[in-house]
Amino acid sequence: MVAYIIRRAFAAVVLLLIVSAVTFGIFFLVPRLAGETTQQLASQYVGRDPSPQAVQSIIHNLGFDKPVYQQYWEFIHGIVAGRTFNDGPTPTHCAVPCFGYSFKSHLPVWPDLTQRIPVTLSLALGAAVIWLVSGVAIGVLSALKRGSIFDRLSMGVALAGVSLPIFFTGLLSMDLFSFQWPIFSNLHYVNFTDNPLMWAKNLVLPWVTLAFLYSALYARLTRAGMLETMSEDYIRTARAKGLPERKVVTRHGLRSALTPIITIFGMDFGLLLGGAVLTETVFSLPGVGQYAVQAITDNDLPKVMAVTTLAAFFIVVANLLVDLLYAVVDPRVRLS
Amino acid sequence: MSKTNPVAASSKAKAAEADAKDADTKAASAGKDAPNPEAFLSVRDLRIHFDTDDGLVRSVDGVSFDLETGKTLGIVGESGSGKSVTSLGILGLHRSKRARISGEVWLDGEELISADPDRVRQLRGEKMSMIFQDPLTAMHPYYTVGAQIVEAYRVHHPQASKKAARGVAVEMLDRVGIPQPDRRVDDYPHQFSGGMRQRAMIAMSLVNNPKLLIADEPTTALDVTVQAQILDLIRDLQKEFGSAVIIITHDLGVVAELSDDILVMYGGKCVEKGTSETIFTAPEHPYTWGLLGSMPRMDRELQDRLIPVKGSPPSLINLPKGCAFNPRCPYAELTGGKSTTETPQLIEVKPGHRVACHLPEEKRHSIFRDEIAPRL
Amino acid sequence: MTEDSDTAAEATAATVPASPPASDREPLLKVSGLEKHFPIKKGLLQRQSGAVRAVDGIDFDVKPGETLGVVGESGCGKSTMGRLITRLLEPTGGKVEFEGVDITHLGSGKIRPLRRDIQMIFQDPYSSLNPRHTIGTIVGAPFRLQKVQTEFGVKRAVQDLLELCGLSPEHYNRYPHEFSGGQRQRIGIARALALRPKMIVADEPVSALDVSIQAQVVNLLDDLQRELGLTYVIIAHDLSVVRHVSDRVAVMYLGKIVELADRDSLYGSPMHPYTNALMSAVPVPDPKRRTQRDRILLTGDVPSPISPPSGCRFHTRCWKAQEVCKVQEPPLVALKTGHQVACHFPENAPEDTAKPSTEKASAPAK
């Protein structure tokens with residue numbers, strides 16, 4: 001088991017390195033391959049109509065004149081051990097993990113980005129609780145009452161939930177509950193540590209909107225899994241033992257039906273931590289997703305790279321946790 | 001476990017008593033109509049039909065039989081003959097939503113079809129239990145073997161502590177011949193071999209000392225050597241626990257090893273019923289002949305060719321009119337057209353031997369004597 | 001459905017196969033020292049820590065026109081052996097020769113012509129047919145894959161095959177789910193026959209079928225062998241079926257052949273204790289016999305093929321085992337014509353050979 005964990009962790013690190021290399025390649029190698037010169041690349045770091053000297057010094061300071069592998073090495077080195085830039089009269093130190101400097105603000109990217117993480121985390125956590133509870137509950141009930149009105153109705157709503165985009169449901173809910181009936185008016189993000197009550201109140205609409213999408217998906221998945229599990233031989237055995245139906249469903253059915261849900265949940269949650277772009281944009285939440293959108297519109301490469309690497313990091317870690325959790329849940333994985 | 005022995009002993013006594021009475025009452029009371037008060041299990045005109053999109057599936061269509069404590073009944077038939085559904089119906093395990101069930105199932109003086117489902121649930125696993133074909137899929141992969149036995153015990157002994165229940169589980173595993181039971185009790189089903197799993201399954205179904213054990217193809221998924229072990233185990237445990245056993249199988253060899261009585265099913269109906277000896281030495285239904293003729297036998301001279309039953313098992317939605325076996329029956333023409341128009345009744349031809357066939361009795365005897373017996 | 005094939009066979013139903021004695025001819029398939037070890041990887045670096053010795057050094061021949069039956073318990077390596085001789089798996093050791101050509105390590109390109117000559121029939125007629133394809137597509141696939149030209153077109157060829165296997169040519173456009181288990185197995189057989197193979201390896205061809213249908217399929221295989229001169233290797237766990245179909249029988253235990261003999265010799269006077277145990281375990285459909293039978297009950301399970309017992313692999317479950325069985329592996333030797341056995345203390349052995357065998361056991365193996 002320990003060997004298994006170490007092996008998985010090692011694989012995760014390798015995967016992250018590959019992701020960083022690919023990201024680096026996309027932002028620094030591909031433009032050159034597409035014909036962009038070192039000058040053009042560097043000129044993005046200086047203001048409008050830069051002087052050739054300024055560009056030249058940027059090239060030198062950011063190391064664009066060095067071979068690509070060395071640039072990549074410095075990039076990785078920056079993330080792991082920090083980096084010092086000679087971009088002004090006094091060298092600036094960029095602390096660990098250093099993803100470089102923003103083109104626009106000329107500030108290190110990372111501290112700026114980390115401020116956004118709690119926002120996205122708040123959004124993702126709350127929504128996850130709502131969608132897990134509601135999705136699984138609806139899915140189980142639908143499966144047990146297969147073909148009933150409840151089943152058809154909830155699966156119909158679930159279909160709508162899966163099909164309707166966030167910018168529709170989000171704007172609709174804002175219009176209804178923030179303007180028509182101002183229950184949640186004047187939405188703005190408040191830190192949990194500042195005022196937990198306001199934190200929750202202002203997040204209710206984004207939570208519900210985001211959870212609606214996922215809840216629908218999870219209800220359908222749970223229903224399918226539950227239907228499959230309930231027709232397994234061991235369910236018949238459980239009934240043959242004389243177990244009450246409630247116990248048959250919870251102890252024997254649900255346990256197996258929920259196992260694949262864990263995998264999907266881990267992936268979804270990891271993905272969300274890398275930024276719930278649509279929800280954050282619709283509700284103007286200053287989270288990672290909004291940051292990413294801003295970075296892309298500004299063509300601010302270091303920011304984009306930082307966000308990409310961060311998102312990849314969350315997904316890889318979520319994946320790792322899922323694998324480990326799977327081993328805990330399923331003895332066949334653990335003991336093989 | 002020792003405190004359950006008196007119960008077993010008393011039921012054995014009852015069985016002996018029943019046996020004695022049986023001889024004179026069987027002929028009179030084993031009729032289709034009245035349930036036999038002497039029998040521990042008495043099934044009358046059991047019908048289980050399922051509503052499907054394609055039509056009504058008549059899985060079981062009027063099956064009756066009696067079974068006394070300490071005796072073994074073998075139910076034989078092809079897939080789709082209704083043999084498994086019959087057993088699930090007795091335990092109340094058929095899918096109730098789409099199933100239509102009628103008839104009577106009397107277990108130890110209690111009628112189960114009309115009984116409250118919760119009452120039937122209480123009896124399940126306690127008074128009647130079941131062993132399934134594939135022990136790998138029949139056990140939950142996420143719980144240890146011990147936990148699953150403990151669960152089966154505690155659902156009917158809610159006052160028992162977890163520790164005591166675990167002790168019972170270890171004892172049961174020991175009893176069914178699992179080495180190092182105190183260690184293996186914490187293993188998961190996938191860590192057991194096929195034979196061990198079936199032993200564990202048997203331990204689980206016997207943990208509450210049931211009076212009726214139904215084994216549905218208990219050895220089909222196992223190797224011959226393991227099959228022999230399991231059949232011996234079932235036989236020994238039956239002696240020890242004094243239960244009534246129903247063994248459902250397509251393997252005539254397995255049935256011959258265990259059963260006192262045999263019921264042959266075809267298309268949801270019983271086509272022949274009799275003692276084990278009768279069915280193997282003087283069968284009268286052409287389908288029984290077909291089953292016996294189509295299996296290669298190790299205890300006989302090598303046949304040059306097997307004699308299969310022609311065609312395929314019938315669809316339960318569209319059963320052939322008249323005798324369901326008529327399209328596959330080589331002697332259907334000899335019935336004078338009756339086989340395609342009339343459903344044959346299960347008629348007693350000798351005490352304890354019933355056959356549902358339109359062929360005249362003498363004809364059946366002569367065909368068996370001249371054509372079938374020499375080939376068997 | 002079987003009526004026509006039955007009557008057809010009755011016409012040709014000679015008591016002895018029409019072909020000349022198999023022993024005179026060159027073997028169609030020659031297997032020597034065949035091994036297949038599946039590596040097990042363990043630990044941080046996934047180093048190979050051991051191997052499942054599924055097939056661990058077996059030798060046998062199959063002569064043209066004969067049927068070799070292979071029996072053994074699950075995990076004895078019989079299915080792996082089937083996949084090795086059809087080259088669905090590559091052996092890790094030993095040699096497989098088909099018609100004198102070494103096919104042990106042929107690459108995927110060179111193996112294509114071989115696939116025409118050796119075909120396989122599988123156990124489960126439900127999962128071995130693609131549910132989305134029509135019967136015509138399934139049975140005709142070999143023609144298309146091997147780019148074989150047929151005289152009257154593929155459709156006609158397929159319909160002929162269906163008829164040969166007791167199915168109706170009208171079944172051409174139907175889907176597998178419309179057929180019963182027995183009919184599906186016939187479809188599987190028709191597919192295997194498409195390219196007129198020389199040898200068919202059948203892995204548990206009837207064990208998923210109902211008894212009455214089993215007999216139909218067994219008879220069909222029998223008829224096809226007579227009509228087309230096929231050579232069969234039939235792998236099964238059911239000893240009575242194997243007895244019925246085989247000319248010679250190999251008994252496998254833990255990756256080894258422990259006994260290999262002519263059918264009548266093997267069933268009439270089995271020499272290996274394991275064969276004896278297997279045979280006595282078969283339930284006999286005769287209620288009178290159950291009390292008088294003295295059955296040899298093997299205890300325990302088959303040991304793990306990862307670390308098989310030393311010496312004779314059966315010694316852990318054998319009631320005749322002596323000290324020598326634990327240390328020395330008995331070689332597979334012929335104790336009489338057409339009867340090979342690997343045992344230090346064989347039963348039913350001819351008088352003069354029984355003793356030398358024990359002497360041989362104490363002498364160093366060559």
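How far apart do the end C-alpha atoms of residues 304-329 of chain A lie? They are 37 Å apart, and the span is 100% helix and 0% strand. Helices here (H or I, at least four residues) and strands (E, at least two) are DSSP runs, numbered from the N terminus.

Before going on, a word about what you're looking at. This is a predicted model, in which local features need pLDDT of at least 70 and side-chain atom pairs count only at pLDDT 80 or more, while totals for chains, interfaces and linings use all residues. Residues are numbered from 1 along each chain as its sequence is written, and chains are lettered from A and ligands numbered from 1 in the order in which they are written.

The UniProt record, an unreviewed entry, marks "transmembrane region" at residues 9-30, 117-144, 156-183, 203-221, 257-278 and 304-329. UniProt positions follow the numbering used here, feature names are shortened, and annotations may be inferred rather than shown by experiment. One of these stretches, residues 203-221 of chain A, is also 100% helix and 0% strand, with its end C-alpha atoms 26 Å apart. Chain A as a whole has 15 helices and two strands, and its C-alpha atoms fill a box of roughly 85 × 60 × 40 Å along the principal axes. Chain A splits into domain 1 (2-104) and domain 2 (117-286), with bounds from an automatic or database domain assignment. The C-alpha centres of these two domains of chain A lie 39 Å apart. Of the 336 residues in chain A, 35% are buried, meaning that 20 or more other C-beta atoms, placed from the backbone, lie within 10 Å of a residue's own.

Now for chain B, where an open sheet of four strands runs in the order E2-E1-E4-E5, with antiparallel pairing. Strands count as paired if DSSP finds at least two bridges between them. Strand E2 (55-67) and strand E5 (110-111) of chain B each have a single partner strand, so they stand at the edges with one side lacking a neighbour in the sheet. Strand E4 (residues 99-107) of chain B pairs with E5(B) over two bridges, and Leu107(B) has Glu110(B) as its bridge partner in E5(B).

Chains B and C meet through 42 residues from chain B and 42 residues from chain C; residues are in contact if their C-beta atoms, placed from the backbone, lie within 7 Å. On the chain B side, H9(B) gives the largest share, seven residues. That side of chain B has 18 nonpolar, 13 polar and eleven charged residues. Here Ala, Val, Leu, Ile, Met, Phe, Trp, Tyr, Cys and Pro count as nonpolar, Asp, Glu, Lys and Arg as charged, and the others, Gly among them, as polar.

What about the inside? The largest nonpolar core has 198 residues, and those with the most contacts inside it include Ala169(B) and Val233(C). Such a core is a set of buried Ala, Val, Leu, Ile, Met, Phe, Trp, Tyr and Cys residues joined through C-beta atoms within 7 Å. Leaving aside neighbours within four places in sequence, Ala169(B) touches Gly146(B), Ile149(B), Val150(B), Tyr153(B) and Val185(B). A second, separate core of 60 residues includes Cys98(A), Phe99(A), Leu301(A) and Ile315(A).

Finally, chain C is divided into domain 1 (26-36 + 51-246) and domain 2 (256-361). Between these domains of chain C, 15 residues of domain 1 are in contact with twelve residues of domain 2.

Definitions and conventions. Contact = placed C-beta atoms within 7 Å. Buried ≥ 20, exposed ≤ 12 C-beta atoms within 10 Å, placed from the backbone.
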